[in-house]
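Work through the exercises below with the coordinates at hand. Each task is followed by a solution in steps.

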Amino acid sequence: MNPIPSAIVKYIRQHHVVSLCASAPDGAPWACNVFYVFEEQEARLFILSELKTTHARFMLDDPRVSGTVTAHPRFIASIQGVQFLGASRMLGGDEDDFARKMYYKKFPIARLIKAPVWDIQLNYLKMTNNKLGFAHKEEWRRGGF
């Protein structure tokens, strides 16, 4: 797998909330905000989400997701953010244990939540970074995507 550009990795690591979009069975989009942990080696995010949530139900039907990681700057020249396309799946077994350990290390309070762990495989990333020039973009694609 080709490495993710370091500026994108650094940005994703600096944040902890993703705006995630899943699709309803009729194709209507549904967005939510969730805490995440970034696992760079396999280019994926781990989230916890109960099956009763709208986005989890939609992800079970259609694993395709998109989302953003961004801050909320006051000035256009300070805008930075990452957009992505990915595929979701609920984890089990050893993968669940691995992801849960990472997640609990970053968010210890999450031990109180009895929710499945989800893997969001990142297939396409695009970072906008106006600090490097207006509308400066950097992209990454998983091999074969």
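**Exercise 1. Locate Asp96, classify its burial and list its contacts.**

Step 1. Asp96 is part of helix H3; helices (H or I, at least four residues) and strands (E, at least two) are DSSP runs, numbered from the N terminus.
Step 2. Its relative accessibility is 12%, so Asp96 counts as buried. Buried means under 20% relative accessible area, exposed over 50%, and partly exposed in between, with a 1.4 Å probe and protein chains only.
Step 3. Not counting residues up to four places away in sequence, Asp96 touches Leu91 and Val117; contact means heavy atoms within 4.5 Å.

The model is predicted: local features need pLDDT of at least 70, side-chain atom pairs count only at pLDDT 80 or more, and totals for chains, interfaces and linings use all residues. Residues are numbered from 1 along each chain as its sequence is written, and side-chain values use heavy atoms, with hydrogens and water left out.

**Exercise 2. Which residues have the most contacts inside the largest nonpolar core, and which elements supply it?**

Step 1. A nonpolar core is a set of buried Ala, Val, Leu, Ile, Met, Phe, Trp, Tyr and Cys residues joined through side-chain atoms within 4.5 Å.
Step 2. The largest such core has 29 residues, and Leu45, Phe84, Ile120 and Leu125 have the most contacts inside it.
Step 3. Elements that each supply at least two residues of this core include helix H1 (6–14), helix H2 (54–61), strand E4 (44–48) and strand E7 (117–129). E7 gives the largest share, five residues.
Step 4. Beyond its neighbours within four places in sequence, Leu45 is in contact with residues including Ile12, Val18, Phe84, Trp118 and Ile120.
Step 5. Another core, of 11 residues, lies apart from it; Val37, Tyr103, Ala110 and Ala115 are among its members.

**Exercise 3. Find the buried residues of H2 and how they are arranged around the axis.**

Step 1. The buried residues of H2 are His55, Ala56, Phe58 and Met59.
Step 2. They cover an arc of only 165° around the axis, so they are on the same side of H2. The arc is that of the directions from the helix axis to the C-beta atoms.
Step 3. Their cover includes E1, E2, E4, E5, E6 and E7.

**Exercise 4. Identify the aromatic pairs and classify two of them.**

Step 1. Rings of Phe, Tyr and Trp (its six-membered ring) pair if their centres lie within 6.5 Å; planes under 30 degrees apart count as stacked, over 60 as edge-to-face and the rest as tilted. The count by this rule is three aromatic pairs.
Step 2. Phe35 and Phe107 are edge-to-face, at 5.2 Å centre to centre and 70° between the planes. Phe35 sits in strand E2 and Phe107 in the loop between H3 and E7, 72 residues apart.
Step 3. Phe35 counts as partly exposed at 42% relative accessibility, whereas Phe107 counts as buried at 13%.
Step 4. For Phe46 and Phe98, the centres are 6.2 Å apart and the planes at 85°, so this pair is edge-to-face. Phe46 is in strand E4 and Phe98 in helix H3, so the pair ties together parts that are 52 residues apart in sequence.
Step 5. Ring pairs also link Phe35, Tyr103 and Phe107 into a cluster.
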